[in-house]
Amino acid sequence: LVLPGGEREQIQTAYGEERIFLSTRKGFLKLAMRKRVPIVPMYVFGSSDAFYTSPKLHTPRHWLMKNLGVCIPLCAGMWGSLCPLPKKTT
């Protein structure tokens, strides 16, 4: 299983919005083709609703991601915990 959106997608995910970040993420395709591994594309609708997300402190979080490779997503699930919200996905 490969999630090509990576850290950028983590800090830019917004609750209730379906977005993907693939325009600059093609290395995994090149590697799969080179190694002759089959690619089975799929998408899970509703996965961005598993947690409430926050855009707060986006600029310093983005700086940390770009310069130090550290990603700090701000999110909360059921009762403010890290347990996912009970949302349907397809």
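Tutor: Helices (H or I, at least four residues) and strands (E, at least two) are DSSP runs, numbered from the N terminus. The model discussed here is predicted.

Student: In which segment is S81 found?

Tutor: Strand 2 covers residues 75-76. S81 has a relative accessibility of 26% and therefore counts as partly exposed. As for its place, S81 is found in the segment after strand 2.

Student: How far apart in space are S81 and F51, C-alpha to C-alpha?

Tutor: In sequence, S81 and F51 are 30 residues apart. In space, their C-alpha to C-alpha distance is 9.4 Å.

Student: What pattern does the chain follow when read along the sequence?

Tutor: The secondary structure of the chain comprises three helices and two strands. Its C-alpha atoms fill a box of roughly 45 × 35 × 20 Å along the principal axes. Read along the sequence, the elements follow the pattern α-α-β-α-β.

Student: What percentage of the residues of the chain count as buried?

Tutor: A residue is buried if its relative accessible area is under 20%. Of the 90 residues of the chain, the share that counts as buried is 16%.

Student: How many aromatic pairs does a search of the whole structure find, and which parts does the pair of Y15 and Y52 tie together?

Tutor: The search of the whole structure finds two aromatic pairs. Y15 and Y52 form a tilted pair, 4.7 Å centre to centre with 45° between the planes. Y15 lies in the loop between helix 1 and helix 2 and Y52 in strand 1 (residues 52-53), so the pair ties together parts that are 37 residues apart in sequence. The count is two, and the parts tied together are the loop between helix 1 and helix 2 and strand 1.

Student: Are Y15 and Y52 buried, partly exposed or exposed?

Tutor: Partly exposed residues lie between the buried limit of 20% and the exposed limit of 50% relative accessible area. Y15 has a relative accessible area of 30%, and that of Y52 is 43%. Both Y15 and Y52 are therefore partly exposed.

Student: What kind of aromatic pair do Y43 and F45 form?

Tutor: The ring centres of Y43 and F45 are 4.8 Å apart, with 70° between the planes. Planes over 60 degrees apart count as edge-to-face. The pair of Y43 and F45 is accordingly edge-to-face.

Student: Which residues form a nonpolar patch on the surface?

Tutor: Patch members need over 30% relative accessible area. Y43 has 32%, F45 has 48%, and L22, in the loop between helix 1 (6-12) and helix 2 (27-34), has 37%. The patch has about 370 Å² of accessible area together, and its members are I20, L22, Y43 and F45.

Student: Which residues form a positive surface patch?

Tutor: One of the members, K26, has its place in the loop between helix 1 and helix 2. K26 is partly exposed, with a relative accessible area of 43%. The positive patch is formed by K26, K30, R34 and K35.

Student: With which residue does R19 form a salt bridge?

Tutor: The count comes to one salt bridge. R19 is partly exposed at 38% relative accessible area, and E17 is partly exposed at 39%. The closest N and O atoms are 3.6 Å apart, and the limit is 4 Å. The partner of R19 is E17.

Note on methods: Residues numbered from 1 in each chain as written. Predicted model: local features only at pLDDT ≥ 70, side-chain atom pairs only at ≥ 80, totals over all residues. Heavy atoms only, no water. Patch = residues over 30% accessible without salt bridge, like charges linked within 9 Å, V, L, I, M, F, W, Y side chains within 5 Å. Areas by Shrake-Rupley, 256 points an atom, 1.4 Å probe, with all protein chains shown as cover. Salt bridge = Lys/Arg side-chain N within 4 Å of Asp/Glu carboxyl O. Buried < 20%, exposed > 50% of the residue type's maximum accessible area, 1.4 Å probe, protein only. Lys, Arg positive; Asp, Glu negative; His and termini not counted. Charge placed at Lys NZ, Arg CZ, Asp CG, Glu CD. Phe/Tyr/Trp six-rings, centres within 6.5 Å; stacked < 30°, edge-to-face > 60°.
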